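Here is a friendly briefing to read alongside your model. Keep the viewer open as you go through the points.

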Amino acid sequence: MPMQSSSPQDERPLFQAMRRGWMRRCPKCGTAPLFEGYLKVRDHCGNCGEAYHHHRADDMPAWATILIVGHLLAGSILTAEQTWQPPIWIHFTLWPSLGAAISLFLLPRLKGAVVGMQWANRMHGFDQPSGPARSLD
Ligand SMILES: [Zn+2]
């Protein structure tokens with residue numbers, strides 16, 4: 001009888017992993033926090049032991065954050081100027097504050113989604129058999 005190359009435990013649904021990452025949870029088990037602090041990804045999951053030290057989110061979360069926030073703010077500024085024409089002090093206070101707030105909200109969530117995407121697609125060392133972390137010594 002031929003052996004199957006993958007079992008249901010080996011399946012890694014992309015949307016579920018990215019959603020769990022967006023929630024800043026482990027893409028594999030969905031329970032333990034993915035980050036220690038604001039943006040630092042933990043080396044391993046505290047619940048299932050899945051290793052995360054080999055993720056390579058790099059600049060993609062920042063790139064996606066800039067893309068989203070830039071489009072939101074550019075459209076909002078143009079719309080406000082064409083319809084409301086607020087005083088200049090509102091431009092100088094509202095848009096930087098709004099941009100910073102939205103960026104700080106999106107950045108860790110997008111980073112979690114990127115790590116979840118890499119995990120689901122078995123990228124950058126996530127292709128190793130999952131399970132409790134093994135000691136190197
Ligand atoms: Zn986990």
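Helices (DSSP H or I runs of at least four residues) and strands (E runs of at least two) are numbered from the N terminus. With that in hand, helix α2 is followed by Gln85, whose phi is positive, near 50°. Please keep in mind that this is a predicted model, where local features need pLDDT of at least 70, side-chain atom pairs count only at pLDDT 80 or more, and totals for chains, interfaces and linings use all residues. Residues are numbered from 1 along each chain as its sequence is written.

**Overall layout**

- The protein chain contains 3 helices and 2 strands, and along the sequence they follow the pattern α-β-β-α-α.
- A residue is called buried if 20 or more other C-beta atoms lie within 10 Å of its own, exposed if 12 or fewer, and partly exposed in between, with C-beta atoms placed from the backbone.
- By that count, 20% of the 137 residues of the protein chain are buried.
- Two residues are in contact if their C-beta atoms, placed from the backbone, lie within 7 Å.
- Of the contacts in the protein chain with a separation of 6 or more, 60% are between residues 24 or more positions apart.

- Two packed helices are described by the angle between their axes and the distance between the axes.
- Axes are lines fitted to C-alpha atoms, for helices over the stretch in contact, and angles run from 0 to 180 degrees between N-to-C directions.
- Helix α2 (residues 60-83) packs against helix α3 (residues 88-120) at an angle of about 145°, and their axes are 8 Å apart.
- Residues of α2 that make this contact include Met60, Pro61, Ile68 and Leu72, while those from α3 include Trp95, Ile102, Leu106 and Val114.
- The residues of the contact of α2 with α3 divide into 16 nonpolar, 3 polar and 1 charged; here Ala, Val, Leu, Ile, Met, Phe, Trp, Tyr, Cys and Pro count as nonpolar, Asp, Glu, Lys and Arg as charged, and the others, Gly among them, as polar.
- Leu72 sits in helix α2, and the C-alpha atoms of Leu72 and Ile102 are 9.6 Å apart although the two are 30 residues apart in sequence.
- Why does Leu72 count as partly exposed? Leu72 does so because it has 14 C-beta neighbours inside 10 Å.
- α2 has 24 residues and reaches 34 Å from its first C-alpha to its last, close to the 34 Å expected at 1.5 Å a residue; the expected span is 1.5 Å times one less than the number of residues.

**The nonpolar core**

- A nonpolar core is a set of buried Ala, Val, Leu, Ile, Met, Phe, Trp, Tyr and Cys residues joined through C-beta atoms within 7 Å.
- The largest such core has 14 residues, and those with the most contacts inside it are Ala17, Leu110, Ala113, Val114, Val115 and Trp119.
- α1 and α3 each supply at least two residues of this core, and α3 gives the most, with 7 residues.
- Val115, in helix α3, is buried because 29 other C-beta atoms lie within 10 Å.
- Leaving aside neighbours within four places in sequence, Val115 is in contact with Gly21, Pro27, Leu34, Val41, Tyr52, His55 and Ala57.

**Loops and strand β1**

- Most residues other than glycine have a negative phi.
- Arg24 is not a glycine, yet has a positive phi of about 60°; Arg24 lies in the loop between α1 (14-22) and β1.
- Arg24 is partly exposed, with 17 other C-beta atoms within 10 Å.
- Gln85 lies in the loop between α2 and α3 and is exposed, with 8 other C-beta atoms within 10 Å.
- Arg25 is placed in the loop between α1 and β1 and counts as buried, with 20 C-beta neighbours inside 10 Å.
- Phe35 is found in strand β1 (residues 35-36), and the C-alpha atoms of Phe35 and Arg25, 10 residues apart along the chain, are separated by 7.8 Å.
- Not counting residues up to four places away in sequence, Phe35 touches Arg24, Lys40, Val41, Arg42 and Pro108.
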